[in-house]
Amino acid sequence: MGCICNCFVGLLNSVLLTVGIGFVISGAYLNINGNSDCEKVLTTPLIVMGGLLLIISLIGIMGTSCSSTFCMYIYLTLMFLLILGVIAFTIFVFMITNQAVGKAIADSEKVIEPKNPMDFSNWLAKKVNKENNWKKIKSCLIDARLCTTDEYKLEFNFLVLVDQVPDIEVYNKSLPALQAACCKPPDVCGFTQKNKSVWEVPKSGPSSKNKDCKKWSNDGDKMCFECDSCKVGVVENLKREWKALALINICLLAFLILIYMLGCCAFCC
């Protein structure tokens, strides 16, 4: 039984070793070839996580292949701490992504009038709303050409060709949530859309006192990137991405627990 457990632990640790190497290489590649800080944001997490997996898997392989009790003890201790860390992070992610955020964005296809991010009590919203953090996020959105992607232009041009005069209201509601929040003024402002990125302010002024109306600009590098609605959109986008990360963590957790149980079996035998 112990021999079988040793074989399985060695095999699974080889998989962890491969994953760790992949993480380190990916982090190094992003650090060397990334054109902006936005592209390098995952560099440190990838290298740190990859390094941890490399160290733990190598100790596990040494412990099983050399039948070293000391290596297995260190390996199981590190693996236990890693499992605790993944559990804590997963719980944290679920806690910050499942709190109510008021009327923000119903889903990825329909936009509802946003609420000021200062009203949010959750951790993500507070982080996004910090001035220094928002400057970096805004820079990333501009660098990613959120409002000027070719797909966005082609979709609008296609509607123009098909419908001659497209229903702007229907088109705007069909935009992805983040684009709808950052690439156009709030509907309550009553601005008139001339084309995809140009909006005209009524002579009588905005039809709402919403402060986002004054923050809108037809400048492609400004648009509604300073609007509260854009911040809300970013928060909701982060929530969806972090929920996906939590699901990945659950799968990783199950894998780590399996290895840990087999390691305990090999250690006891």
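**Notebook: helices and disulfides**

I began with Ser26, which lies in helix 1 (residues 2-33); helices (H or I, at least four residues) and strands (E, at least two) are DSSP runs, numbered from the N terminus. The model is a predicted one, in which local features need pLDDT of at least 70 and side-chain atom pairs count only at pLDDT 80 or more, whereas totals for chains, interfaces and linings use all residues. Residues are numbered from 1 along each chain as its sequence is written, and side-chain values use heavy atoms, with hydrogens and water left out.

**Entry 1: Ser26**

I then looked up the pair Ser26 and Ile47, whose C-alpha atoms are 7.9 Å apart in space. In sequence, Ser26 and Ile47 are 21 residues apart.

**Entry 2: the whole chain**

I noted ten helices and four strands in the secondary structure of the protein. Reading from the N terminus, I wrote down the order of the elements as α-α-α-β-β-α-α-α-α-α-β-β-α-α. The protein has 269 residues, and buried residues make up 37% of them. I also looked at contacts (heavy atoms within 4.5 Å). Among the contacts with a separation of 6 or more, 65% come from residues 24 or more positions apart.

**Entry 3: helix 2 with helix 3**

At what angle do helix 2 and helix 3 pack? I recorded about 145 degrees for helix 2 (residues 43-65) and helix 3, with their axes 8 Å apart. Axes are lines fitted to C-alpha atoms, for helices over the stretch in contact, and angles run from 0 to 180 degrees between N-to-C directions. On the side of helix 2, I listed Leu53, Ile56, Ile59, Gly60, Met62, Gly63 and Thr64. These residues meet Cys71, Met72, Ile74, Tyr75, Leu78, Met79 and Leu82 in helix 3. I sorted the residues of this contact of helix 2 with helix 3 into eleven nonpolar, three polar and no charged. Nonpolar covers Ala, Val, Leu, Ile, Met, Phe, Trp, Tyr, Cys and Pro, charged covers Asp, Glu, Lys and Arg, and the others, Gly among them, count as polar.

**Entry 4: helix 3 with helix 10**

Helix 3 (residues 69-97) also packs with helix 10, at an angle of about 155 degrees and with the axes 9 Å apart. The classes are roughly parallel under 35 degrees, roughly antiparallel over 145, roughly perpendicular from 65 to 115, and oblique for the rest. The residues of the contact of helix 3 with helix 10 divide into 28 nonpolar, five polar and two charged.

**Entry 5: helix 5 with helix 10**

I next followed helix 10 (residues 228-268) to helix 5 (residues 131-143), where the axes come within 12 Å and cross at roughly 85 degrees. Helix 5 and helix 10 are therefore roughly perpendicular to each other. Which residues of helix 5 meet helix 10? I found Trp134, Ile137 and Leu141 in helix 5, and they meet Cys230, Lys231 and Val234 in helix 10. I counted five nonpolar, no polar and one charged among the residues of the contact of helix 5 with helix 10.

**Entry 6: disulfides**

How many disulfides does the structure hold? I recorded four disulfides, a disulfide being a pair of cysteine sulfur atoms within 2.5 Å. I looked up three of them in detail.

One of them joins Cys182 to Cys230, with an S to S distance of 1.9 Å. The torsion about the S-S bond of Cys182 and Cys230 is about 90 degrees, so I noted this disulfide as right-handed. Cys182 lies in helix 8 (residues 177-182) and Cys230 in helix 10, so the pair ties together parts that are 48 residues apart in sequence. Cys182 is buried at a relative accessible area of 0%, and Cys230 is buried with 0% as well.

Cys189 and Cys213 form a disulfide with their sulfur atoms 2.0 Å apart. Its torsion about the S-S bond is about -95 degrees, so the disulfide of Cys189 and Cys213 is left-handed. This pair links distant parts of the chain, 24 residues apart: Cys189 is in the loop between helix 8 and strand 3 (192-193), and Cys213 is in helix 9 (residues 212-215). I found Cys189 buried, with a relative accessible area of 0%. Cys213 counts as buried at 5% relative accessibility.

A disulfide also joins Cys224 to Cys227, S to S 1.9 Å. The link of Cys224 and Cys227 is left-handed, with -90 degrees about the S-S bond.

Note on methods
Buried means under 20% relative accessible area, exposed over 50%, partly exposed in between (1.4 Å probe, protein chains only).
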